[in-house]
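This report is meant for someone opening the structure for the first time.

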Amino acid sequence: MTDKETGGLALLRAPFPAHQISKLPKPTKKQTDDVKADFKLGFRCPDCGAWHHRDVVHLDYVGHAALTDRLLDADPQWSWEPAALRDGLPAFDNTGGLWIKLTVCGVTRLGYGHAAAKPNQDPGAREKEVIGDALRNAAMRFGAALDLWHKGDLHGEQETEQEAPPKAWEPSGPARVAVNTLESYQRDPDAFKEFWNLNKKGLKNVLDSDDYAWVVAGMKRIAASMPKAPPPPPPPKAANGHQSVADMIGEDEIPY
């Protein structure tokens, strides 16, 4: 990628490094109730640092600080504003959620945040959590951390990895051994012929068609390079002038 492609809006789509991805525990109501009823059913989680049930599922997410760092890298002049005001302040809806406008590199997109109120929460803590959630939601519209929002393989292996070229065909080990053995008999035509006649049937049975064709081609190549034996006398002919025995030469016969 060029320097232009790695900055600005394109930078928001770059994957977040592992050290900027946090773990958010998502306990079921039963798990929460069980830990409340028996504190010993929980433990201090090494992944998220919270005390919760041992079977809780975690979700990957990018925190407010990591997202802000990425926005600053993409556009130091980025900004956000509430979509509506009430008495000069951000207008939270009747469920406590907030719509915002996020502007990066001159492009503005909407986002929505929400957070449940927690007992004994510090004043303003829920509102700050809502803003952070809204920023993550709006940044997702620019492509930030899409792979974490998606509950699967977003692009698929065939898109994220360059497709490997098809592997060139190669003969199997037994086929190579057969041709190597034939080559070792290249200076001994009788041994060459004996080996082939004794083994061609077995090779044809154990090798697939491509391997066997490769071995036959090797046999013919080796045979063609060997000294030619004098031609055998013609077979006796019947009274009608035709051969008395049909000479059926197969494709895998030695060519001499």
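Which residues of the largest nonpolar core touch the most other members? The model is a predicted one, and in it the largest nonpolar core has 22 residues, of which Leu67, Leu71, Leu102 and Val104 touch the most other members. Two or more residues of this core come from each of α1 (9-12), α3 (64-74), β8 and α4, and α4 gives the most, with 5 residues.

**The protein as a whole**

The protein contains 9 helices and 9 strands, and 28% of its 256 residues count as buried. Among contacts between residues at least 6 apart in sequence, 59% join residues at least 24 apart.

**Helix α3**

Five names make up the buried part of α3, namely Ala66, Leu67, Arg70, Leu71 and Ala74. Because these buried residues fall within an arc of 135 degrees when seen down the axis of α3, they line one face of the helix. An α-helix has 3.6 residues a turn, so residues three or four places apart point the same way. The buried residues of α3 are covered by elements that include α1, β4 (57-62), β8 and α4.

**The sheet and the helix across it**

An open sheet is formed by 3 strands in the order β5-β8-β9, with antiparallel pairing. Its edge strands are β5 and β9, each of which pairs on one side only, and the twist from one strand to the next averages 25 degrees. Strand β8 is joined to β9 by 7 bridges, the two strands running antiparallel, and within this pairing Leu102 has Arg109 of β9 as its bridge partner. Helix α4 lies across β5, β8 and β9, and runs at about 135 degrees to β9.

The residue ranges of these four elements are set out below.

| Element | Residues |
|---|---|
| Strand β5 | 79-82 |
| Strand β8 | 98-104 |
| Strand β9 | 107-113 |
| Helix α4 | 125-141 |

**Two residues in detail**

The side chain of Thr103 makes a polar contact with the side chain of Thr108, at 2.6 Å. Leaving aside neighbours within four places in sequence, Thr103 is in contact with Trp78, Ser79 and Thr108.

With a relative accessibility of 4%, Val179 counts as buried. Which residues does Val179 touch, not counting those up to four places away in sequence? They are Trp214, Val215, Arg221 and Ile222. In the case of Val215, the separation from Val179 is 36 residues in sequence, while the C-alpha to C-alpha distance in space is 6.0 Å.

Terms used
Residues numbered from 1 in each chain as written. Predicted model: local features only at pLDDT ≥ 70, side-chain atom pairs only at ≥ 80, totals over all residues. Heavy atoms only, no water. Pairing = 2+ DSSP bridges. Helix = DSSP H or I, 4+ residues; strand = E, 2+ residues; numbered from the N terminus. Axes fitted to C-alpha atoms, helices over the stretch in contact; angles between N-to-C directions. Contact = heavy atoms within 4.5 Å. Buried < 20%, exposed > 50% of the residue type's maximum accessible area, 1.4 Å probe, protein only. Polar contact = N/O pair within 3.5 Å; in protein donor to acceptor, adjacent residues only side chain to side chain. Core = buried A, V, L, I, M, F, W, Y, C linked by side-chain atoms within 4.5 Å. Arc of directions from axis to C-beta.
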